[in-house]
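I open this notebook to record what I looked up in one structure. The entries follow in the order in which I made them.

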Amino acid sequence: MATVRSAHTVWQGDLPTGSGQVTLDSSGLGTYDVTWKARAEQAEGKTSPEELIAAAHSACFSMAFSHALGAEGKTPSKVQTKADVTFQPGEGITGIHLTLLASVPDLSEEDFQRIAEGAKTGCPVSAALTGTTITLEATLEA
């Protein structure tokens with residue numbers, strides 16, 4: 001069965017000096033301030049669409065990687081994923097770099113890299129962002 005998750009934003013003012021708040025409706029986890037300055041310059045305690053995409057992508061990739069390992073009978077002891085979303089004012093999102101650090105008992109480096117690459121393309125957030133270059137650096141811990 002399909003699920004729907006929702007958030008909403010209320011914005012006031014023009015783009016350069018205005019501000020808004022994004023609320024995570026489905027989880028009720030909170031409301032977060034957003035501004036153009038936080039998006040294009042320094043965060044200064046506020047979030048941006050790119051940071052929210054980075055959070056979604058790192059969580060989705062970690063889940064996709066764990067799922068792919070399970071399909072091969074492997075269970076990770078740790079999966080840590082960082083997503084860096086690059087935003088260029090005037091151009092938009094120009095790339096996403098995923099950094100994976102994982103501990104998976106009895107998994108070869110070759111299989112680790114293959115599974116990580118498959119998770120990169122198989123992750124639903126990656127699929128939703130196919131117009132963006134997504135790179136991956138994957139490190140298997142001993």
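Which elements each supply at least two residues of the lining of the largest pocket? I noted α1 (36–40), α2 and β4. Helices (H or I, at least four residues) and strands (E, at least two) are DSSP runs, numbered from the N terminus.

**Basis.** I am reading a predicted model, in which local features need pLDDT of at least 70, side-chain atom pairs count only at pLDDT 80 or more, and totals for chains, interfaces and linings use all residues. Residues are numbered from 1 along each chain as its sequence is written, and side-chain values use heavy atoms, with hydrogens and water left out.

**Pocket.** I looked up the volume of the largest pocket and found about 190 Å³ of space. A pocket is an open set of points on a 1 Å grid over the protein atoms alone, where a 1.4 Å probe fits, with protein on both sides within 12 Å along at least five of seven lines; lining residues have an atom within 4 Å of a point. The volume is the space filled by probe spheres set on the points, which are joined across faces, edges and corners. Of the 14 lining residues, Ala-38, Arg-39, Ser-48, Glu-50 and Glu-51 are the closest to the centre. The largest share of the lining, 4 residues, comes from β4.

**Ser-48.** I placed Ser-48 in the loop between α1 and α2. Is Ser-48 buried or exposed? Ser-48 is buried, because its relative accessible area is 8%; buried means under 20% and exposed over 50%, with partly exposed in between (1.4 Å probe, protein chains only). Leaving aside neighbours within four places in sequence, Ser-48 is in contact (heavy atoms within 4.5 Å) with Val-34, Ala-38 and Arg-39.

**Helix α2.** I found 23 residues in α2 and a reach of 33 Å from its first C-alpha to its last, close to the 33 Å expected at 1.5 Å a residue (1.5 Å times one less than the number of residues). Its buried residues include Glu-50, His-57, Phe-61 and Phe-65. Gly-73, whose phi is positive, near 75 degrees, follows α2.

**Core.** I then turned to the largest nonpolar core, which has 24 residues; such a core is a set of buried Ala, Val, Leu, Ile, Met, Phe, Trp, Tyr and Cys residues joined through side-chain atoms within 4.5 Å. Among those with the most contacts inside this core are Phe-61, Phe-65 and Phe-112. α2 gives the most to this core, with 6 residues. Leaving aside neighbours within four places in sequence, Phe-112 is in contact with residues including Phe-65, Leu-100 and Ala-138.
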